[in-house]
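Here are my notes on this model, point by point. Please read them with the coordinates open.

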Amino acid sequence: MPKFEEDMERELRFHLDEAAAEFMRAGMAPQAAYAAAERRLGRRELIKDECRDTRRNIMLETTLRDLRYGVRVLFKNPGFTLAAVLTLAAGIGANTAIFSVVYGVLLRPLPYAQGSDLVVLHQKTATADELRFSVPEINGYREGNKTLTSVVEHHSMVFLLLGKNIAERVQTAVVSANFFSVLGVEPKYGRTFVADDEKPGSDAVLVLSHNYWLTRHGGDPSIVGKVFQMNSRAHTVIGVLPPIPQYPQESDVYMPTSQCPTRSSARFQQNRNGRMMTVFGRMKPGATLAEAQADLSAQAGRMAQAYPESYPRERQYGIVARGLRDELTEKAEPLLLVLLAVTGFVLLIACANVANLLLARLLRVERELAVRTALGASRWRLVRQLLAEGVLLSLAGGVLGVVMAPLALRALVSFTERFTTRAAEVSIDTPVLVFSLILAVVTGLLFSLVPALAVSRLQQGAGRQTGSRSRGRLRASLVVAQVAVSFVLLVGAGLMVRSFQKLRSERPGFRPEQLLTMRVTPNFYRYQGREALDVLWQRVLHKVAEVPGVAAVATTANAPFDPAGIASGPNNTEFQIEGRPVSPGTLAPTVDITGVSAGYFATIGQPLLAGREFTERDDNAALKVAVINDTLARHRWPGEDPVGRRITFDAGRTWIQIAGVAGDVKEYGLDRPAGDEIYLPIRQAGFSGILIVRTAGEPLRMAAAVRRGLAEVDSELAVDRVSTIARFQEESMAPAKLTAMLLGLFAGLALVMSMSGLAAVMALAVSQRTQELGIRLALGAPRGSVLQLVTWQGMAMTLAGLAIGVAGSLMLTRFLAHLLYATSATDIVTFIGAGALFLIVAGVACVVPAWRVMGIDPVAAIRQE
Amino acid sequence: MLQGTLDMLVLQTLALGPMHGWGITQRIEQISESVLRVNQGSLYPALYRLEEQGWIHSAWGATENNRQAKFYSLTARGKKQLATERESWSRLPGAVGRILDAEV
């Protein structure tokens, strides 16, 4: 029973007992006495009802009265109301937008059935963190585990879609038949794969991704049953996926494993070292990640024992199981948490600002409050009115903020897309709105609490003087807090900007300007074998070189700053140096191999430090040669000339002679130091696929002419990802740039808010002190020194805030450390720069309101009441 | 009895010291020499109302017979309110008298 009800019952019972006792003293029998007492009191349930009503009515009435009063007050002060609502709208809007991203990416359950049971498996060794799986390994884990209900595989391939005007490159995921059923994905149209689709010799079938279906096939609802001509084979569309984040990567179409020529060959299926597939699985209900990890590690141990030649001890093979959610959001999470913290700070500053505005207004109505207190208005009542006013303000701000949030959301989503495929799930929906509502109410209570405290002190304090002085202190401490928090944000943004500048000023090691690039994919069914491809690429190189405006042309397997290359990283291939055998039980050195055509170094402007670069004569019949980069040369041949030395990738069956040393190029991003690199000529090493053209003029204007040249070589060549290397470079820096811009935006917002708070407090201080300042002037104080006096008051607040802000930054910026490039989290230049900027802005915010001192007429000021 | 009258009587009673609901009914009847018979059922809603208005305050305590009862006492604002009401009440007889005189 609630306390109120219980008290009521006890109270009435006591009354009855006493009344009955009274009757008994008058000589009544107990039963009659109770009956009489009850008659005298009346029906207890009715009394209780009336008591309840009384309480409810009073509460409702006062709440309504408080709200009405609040609305009236807010409309009576439109300037104040507008300033407060806009400030709150900015704060709550920013938080709503960021929270919707945090919710969509980190909190919302995965859009797969029981997504928390899905785990991703990685093999790791002493040198590689994310090794893929071979068919025998997949079978081993599938059959030898006790904690998973199913194991699924995935690898990606490139197919050409023919039969349209131009050949189209289609990113294809090759998956086991249980792929979609394990994820729990229901098709939007048609069906997904069944076990029969995976049997050797079954019909070629396709499932389209939602995005591919929408953008390339116009969202055609009758697409199921259509036949696509892909790489000279007919494939039937059997289904379309709903919009889901695709793991492990975004693909255009899905095929069962039986349709991948490599995957279905008997030799590959037996090759334990043919590690090509990504693997994930579903845990049994109730199994934990730790249990799955232990179970899979045990299986890894059994396999290592059974096949020691595939798992040499020194490589330290192991397996790691991770939750799919963590895998999908691992890059986005730290950044989103930083943004959430930053917008939280912005909201705190907004709160302090509005609290200060409320305090300032309170000062103006101080007399009215004093009168009302004298008339018997309770302190609680005044506090309640202030709280009602605050909640009204913040609800108005919240509504406006929620209306504004979607404007920022698009930009925010495209920013988040760079870090996680879950960005597509972000939207402002019920949970986000509930969050914003709660945020608005809490915010309102928070900032009206400060003036409410001031009011209660007003009542306790004996005189008016103490009240306004302590409120002056309160306002000053709010400003100090604002300055401190916005300084922290400014330092954070400053660090990101500085990190970006450092990144930007890194030299790439070649000349990225005026380099056109495109990906060229031939129909591999028509170019089988190395010879055929060699002929094709030679014809491509010759043809493009003839296009007017082309200064130089080359091909490569991985262009510098290519987003695909950055995503996959260096390929860490093992090699051996002649005369330096790898002793048993130790690891062979590894290196990143890139196949490039003749003239590649000259084309991109990568300098040659020694020896020669590749020519067309470096074909399969000639001596096998390589060019290494400076890092590898200094790493493996310190103080020696590596030109003429020999290395091997196949344990000495083929020796490759180093023909030259090229300068270092940061091909995997400016933030990654150049690693050991070996370039091999494509005529000897095989496949390339990226065309790089140095143009005389604007590169993209040459794209059409180059494509015409390619079509003349073979009309079935698929050309896509037409761009420039300079754009790739910009793109590789975009996350750093956008993060700096985003933090800068919030820091700017915080700065504007806290400085307007400072200016408002200064203006109020000047108007409050007019009389005193007038006396000073009348007594002969120069106006300049009076101005100084007033300004100093504001600067003192700023300096106090800066001191706290510096301490806070030293504590907090370490959480940014992992986002920074070549910049210390306590970078002195940033701290000094942010401090200087702050002092200048604060100086303006102090002097402008203080300037009114210059206009004070001493006589009028002193006469003022 | 008018609601305002009961309120004032309760405040006046509590001005003498903290008292529980039963005691208040007793005392009002005593003081008014049983002329004013409090409708016991309407006392409690009135007490709740006065408490919500902040004029009186309640707390559980022990009676002389050592029984637990809810005691009501006057707050500072209650005292002020009582003074205001007293003033208007004391002016009332004069005003009524003048009206009666005018009619004669």
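This is a predicted model: local features need pLDDT of at least 70, side-chain atom pairs count only at pLDDT 80 or more; totals for chains, interfaces and linings use all residues.

1. Start with strand 11 of chain A. It pairs with strand 22 (residues 718-724) of chain A in the antiparallel sense, over five bridges.

2. Strand 11 of chain A has another partner. Strand 21 (residues 690-695) of chain A also pairs with strand 11 in the antiparallel sense, again over five bridges. Here A:L515 stands opposite A:R694 of strand 21 of chain A.

3. Is strand 11 of chain A enclosed or open? Strand 11 covers residues 515-521 of chain A, and five of its seven residues are buried. It is therefore largely enclosed by the rest of the structure. For chain A as a whole, buried residues make up 41% of the 865 residues.

4. Next, the overall form of chain A. It has 27 helices and 22 strands. The radius of gyration is 37 Å, well over the 29 Å that the globule rule gives for 865 residues, so chain A is more spread out than a compact globule. The C-alpha trace spans about 120 × 90 × 55 Å along its principal axes. As for contacts in chain A with a separation of 6 or more, 82% are between residues 24 or more positions apart.

5. Helix 23 of chain A deserves a check. It runs over residues 725-768, which is 44 residues. At 1.5 Å a residue it should span 64 Å; the end C-alpha atoms are 63 Å apart, so the two values agree. Yet helix 23 of chain A bends by about 50° at A:A734. A proline, A:P735, follows within four residues of that bend. Please look at the bend and the end-to-end span together.

6. Now the contact between the chains. In total, 18 residues of chain A are in contact with 17 residues of chain B. Helix 1 (3-25), helix 2 (30-41) and helix 3 (44-76) of chain A each supply at least two residues of the side of chain A that touches chain B. Helix 3 of chain A gives the largest share, seven residues. By class, this side of chain A has seven nonpolar, five polar and six charged residues.

7. Last, chain B. Three of its strands form an open sheet in the order 1-3-2, with antiparallel pairing. The edge strands are strand 1 (19-20) and strand 2 (56-62) of chain B, each of which pairs on one side only. Strand 2 and strand 3 (residues 68-74) of chain B run antiparallel and are joined by seven bridges. Which residue is the bridge partner of B:A62? The partner is B:Q68, in strand 3 of chain B.

Terms used: Residues are numbered from 1 along each chain as its sequence is written. Chains are lettered from A and ligands numbered from 1 in the order in which they are written. Two residues are in contact if their C-beta atoms, placed from the backbone, lie within 7 Å. Ala, Val, Leu, Ile, Met, Phe, Trp, Tyr, Cys and Pro count as nonpolar, Asp, Glu, Lys and Arg as charged, and the others, Gly among them, as polar. The expected span of a helix is 1.5 Å times one less than its number of residues. The bend at a residue is the angle between axes fitted to the seven residues ending there and the seven starting there. The radius of gyration is taken over C-alpha atoms; the globule rule is 2.2 Å times the number of residues to the power 0.38. A residue is buried if 20 or more other C-beta atoms lie within 10 Å of its own, exposed if 12 or fewer, and partly exposed in between; C-beta atoms are placed from the backbone. Two strands pair if DSSP finds at least two bridges between them.
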